[in-house]
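Hi,

Here is the structure I promised to pass on.

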Amino acid sequence: LTDFGLSDHYVGVMKGVLLTHCPEVRLIDITHQIQPQSVLQGAFCLSQAVPHFPPSTIFLAVVDPGVGTLRKAIAAEAGGYRFVLPDNGLLGMVSERLGGELRAVSLAVPESASGTFHGRDVFAPAAGRLAAGCALEDLGERVEELIRLERRQPHLNDTRWSVSVLFADHFGNICLDLEKSLGESFFQLDAKYKVGESVVTFGHTFGQVARGESLLLWNSSNYLELAVREGSAEKLWGLSSGSRIVIEKV
Amino acid sequence: LTDFGLSDHYVGVMKGVLLTHCPEVRLIDITHQIQPQSVLQGAFCLSQAVPHFPPSTIFLAVVDPGVGTLRKAIAAEAGGYRFVLPDNGLLGMVSERLGGELRAVSLAVPESASGTFHGRDVFAPAAGRLAAGCALEDLGERVEELIRLERRQPHLNDTRWSVSVLFADHFGNICLDLEKSLGESFFQLDAKYKVGESVVTFGHTFGQVARGESLLLWNSSNYLELAVREGSAEKLWGLSSGSRIVIEKV
Amino acid sequence: LTDFGLSDHYVGVMKGVLLTHCPEVRLIDITHQIQPQSVLQGAFCLSQAVPHFPPSTIFLAVVDPGVGTLRKAIAAEAGGYRFVLPDNGLLGMVSERLGGELRAVSLAVPESASGTFHGRDVFAPAAGRLAAGCALEDLGERVEELIRLERRQPHLNDTRWSVSVLFADHFGNICLDLEKSLGESFFQLDAKYKVGESVVTFGHTFGQVARGESLLLWNSSNYLELAVREGSAEKLWGLSSGSRIVIEKV
């Protein structure tokens with residue numbers, strides 16, 4: 001998982017490095033199209049993907065606006081999975097979701113490392129060594145405290161939720177930062193809610209409303225989603241990452 | 001093959017599910033950038049890709065505007081290949097192309113399945129079970145009749161073909177819904193044809209015309225193609241999927 | 001590596017052909033989003049990726065504006081790696097970088113080959129045969145002279161470098177055609193340089209300047225790069241591939 005995109009040699013190079021360290025490794029891409037420098041979106045995607053992979057999978061994740069600065073590079077273990085990534089909050093949502101103990105070590109940055117491509121020179125070599133059988137503790141010094149992800153919490157005020165837009169997905173569905181476990185009692189199937197100035201039905205799937213019509217639902221990640229059937233909520237609603245929106249009972 | 005795009009965790013999650021069901025499975029992407037909800041484009045790409053894969057390959061294809069509704073989810077076998085996909089016409093062009101017997105079963109949708117992500121909760125588990133050695137018949141009840149793909153046929157009226165635009169590819173080449181087997185006698189190499197209001201040469205490869213100039217040819221899928229050398233026919237011609245266009249002898 | 005993009009069946013089909021020739025082959029994508037027909041960008045990406053892969057890797061690279069014309073299709077060996085690609089300069093930068101002996105043979109184009117998709121009908125079959133153990137010499141006749149890549153050299157005139165823009169990467173960082181080995185003595189860390197009409201600091205990593213501010217640096221490929229911290233130099237500077245730009249000491 002990276003924000004490197006697919007148009008350059010960057011991702012391919014990291015795979016070459018991984019194969020050089022561990023010729024038998026099996027490589028799976030989650031996504032390389034995290035919005036550039038969006039640690040929050042990276043953290044979210046990682047948290048959604050990890051639990052569906054077999055135990056002992058190693059996740060190499062690089063969304064790293066602080067590359068080349070003093071931010072730590074780490075390897076970590078949580079819930080039976082291992083992770084190699086910058087210490088900037090990227091691990092935050094998945095470690096919350098997995099719960100349990102988290103162990104982390106700090107990776108050394110070699111003198112020869114590029115100031116702009118630790119994916120190639122720091123992270124991929126560490127992930128390759130883990131894949132080849134190296135223990136977490138052999139990669140570096142224990143780290144006790146990790147950087148936390150900054151996130152504006154959803155807020156319930158009597159009859160209205162104030163929530164943040166996380167991001168829009170490929171279809172233009174808008175993922176809102178409110179989990180089902182928090183909001184389940186507030187939202188009822190087929191009930192109507194005021195979203196900004198509009199009134200929208202809460203549903204179960206896209207097919208329940210007419211084409212081009214909006215609906216609210218719990219998405220496949222169990223977050224609140226604002227969607228448009230066979231259309232783009234991102235375009236229709238004009239909301240972008242970080243926007244705050246108010247939803248109230250009608 | 002999906003219309004899920006590559007910017008979210010969706011495709012990665014499906015791969016995680018596949019690996020969990022069958023750790024040895026080998027995963028190949030055809031494309032995840034089918035136009036959102038375009039069953040026709042998905043059906044075309046699938047039909048072009050399948051015959052180039054080794055027998056016994058399993059194709060997991062999800063372009064599914066009806067996800068969460070009563071449309072069936074199916075697994076099927078045709079021409080030695082197996083398929084897991086929604087019953088919405090997506091299998092249509094490839095089953096025509098493969099010919100022979102088609103067997104299909106209906107997949108159960110678990111209570112716990114998300115209303116918006118059957119790729120993760122219905123299709124990937126079924127494909128994973130097939131890959132792990134499960135028989136088609138063990139996945140569900142036999143289905144006799146599949147949904148057909150709606151498609152507007154090409155029409156020859158004396159000296160003019162009226163044909164539909166299927167879609168434009170990555171280069172902007174416009175693929176038209178007329179197969180070589182139907183139109184071969186009409187189009188002659190180096191002859192000229194009136195396309196809309198313009199006159200275009202019928203050729204064999206892009207290098208035959210000057211840069212920026214249009215040509216007609218049988219493309220690598222043996223469909224009629226309107227192309228611009230080192231340019232985009234989609235931009236130059238302004239045609240979009242479903243447009244009808246008339247081509248006549250000069 | 002191709003310029004085929006990821007929205008069509010083209011790349012998937014080539015993988016199917018490779019698997020049909022060699023069922024055990026391991027497939028790694030470098031990129032399929034080279035700018036359409038940009039042999040120079042393809043040559044650059046290939047040259048950056050190759051040295052990070054294990055010896056004996058086979059590289060299948062198709063950026064081929066001359067597909068279907070008389071340009072040769074070749075297979076080659078250099079520095080322990082093998083390559084299958086069109087003879088149009090695509091191999092130029094990597095063979096320079098690898099140095100040493102270069103052997104090449106010319107691939108036959110079968111009568112049945114599509115005039116627009118040699119990736120499927122010529123290049124993938126040859127790469128598949130190499131992967132399956134076929135010797136380079138068994139693929140075709142020896143070729144002595146390869147086509148050279150056209151490239152405008154950087155030029156130092158007393159106190160000013162005149163350099164070409166190679167391309168912008170996914171982040172909008174502008175890669176300039178000046179290698180560190182040539183320009184190292186001219187550029188000093190933390191010194192300031194006039195780029196066009198603006199003054200820009202030469203740095204080591206993005207974090208050294210404020211958000212939205214430009215800097216010059218040696219990028220991870222050891223080429224000169226014009227970047228904007230957490231922004232796009234491509235958008236800010238409005239430079240495109242082939243533009244010439246002058247950089248002088250302040």
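Let me start in chain B, where strand β2 (residues 73-78) and strand β3 (residues 81-86) pair in the antiparallel sense over six bridges. If you want a residue pair to zoom in on, B:I74 stands opposite B:L85 in β3(B). Before you go further, keep in mind that this is a predicted model.

Those strands belong to an open sheet of five strands in chain B, in the order β1-β3-β2-β4-β5 and with mixed pairing. At the edges sit β1 (58-60) and β5 (140-143) of chain B, each of which pairs on one side only. From one strand to the next, the twist averages 25°.

What lies across this sheet? Helix α4(B) does: it covers β1, β2, β3 and β4 (102-107) of chain B and runs at about 165° to β3(B).

That helix has a partner as well. The axes of α1(B) and α4(B) (residues 118-131) come within 8 Å and cross at roughly 35°, and the crossing is right-handed. On the α1(B) side the contact is made by B:V13, B:M14, B:V17, B:L18 and B:H21, while α4(B) brings B:G119, B:R120, B:A124, B:P125, B:A127, B:G128 and B:R129. Sorted by class, the residues in this contact are seven nonpolar, three polar and two charged.

Now for the cores. The largest nonpolar core has 60 residues, and the ones with the most contacts inside it are A:L46, A:F83, B:L60, B:V84 and B:L107. Helix α1 (residues 10-21) of chain B gives the most to this core, with seven residues. In general, nonpolar side chains in soluble globular proteins tend to be buried together.

Over in chain C you'll find an open sheet of five strands, with the order β1-β3-β2-β4-β5 and mixed pairing. Its edge strands are β1 (58-60) and β5 (140-143) of chain C, and neighbouring strands are turned by 25° against each other on average, direction ignored. Strand β4 (residues 102-107) of chain C is joined to β5(C) by four bridges, and the two run antiparallel; C:S106 has C:E141 as its bridge partner there. Helix α4 (residues 118-131) of chain C lies across β1, β2 (73-78), β3 (81-86) and β4 of chain C, at about 165° to β3(C).

Which of its residues are on the covered face, and which on the uncovered one? C:Y193 and C:V195 are on the covered face, with C:K192 and C:K194 on the uncovered one. As a rule, side chains in a regular strand alternate between the two faces of the sheet.

β9(C) has two antiparallel neighbours to check. Four bridges join β9(C) to strand β10 (residues 198-203) of chain C, with C:K192 opposite C:T201. These two strands form a hairpin with two residues between them, and C:G196 in the turn has a positive phi of about 60°. Strand β13 (residues 244-249) of chain C pairs with β9(C) over three bridges, and here C:K194 stands opposite C:E248.

Cheers

Notes. Residues are numbered from 1 along each chain as its sequence is written. Chains are lettered from A and ligands numbered from 1 in the order in which they are written. This is a predicted model: local features need pLDDT of at least 70, side-chain atom pairs count only at pLDDT 80 or more; totals for chains, interfaces and linings use all residues. Side-chain values use heavy atoms; hydrogens and water are left out. A nonpolar core is a set of buried Ala, Val, Leu, Ile, Met, Phe, Trp, Tyr and Cys residues joined through side-chain atoms within 4.5 Å. Buried means under 20% relative accessible area, exposed over 50%, partly exposed in between (1.4 Å probe, protein chains only). Two strands pair if DSSP finds at least two bridges between them. Axes are lines fitted to C-alpha atoms, for helices over the stretch in contact, and angles run from 0 to 180 degrees between N-to-C directions. Contact means heavy atoms within 4.5 Å. A crossing is left-handed if the near helix is turned anticlockwise from the far one by less than a right angle, and right-handed if clockwise. Ala, Val, Leu, Ile, Met, Phe, Trp, Tyr, Cys and Pro count as nonpolar, Asp, Glu, Lys and Arg as charged, and the others, Gly among them, as polar.
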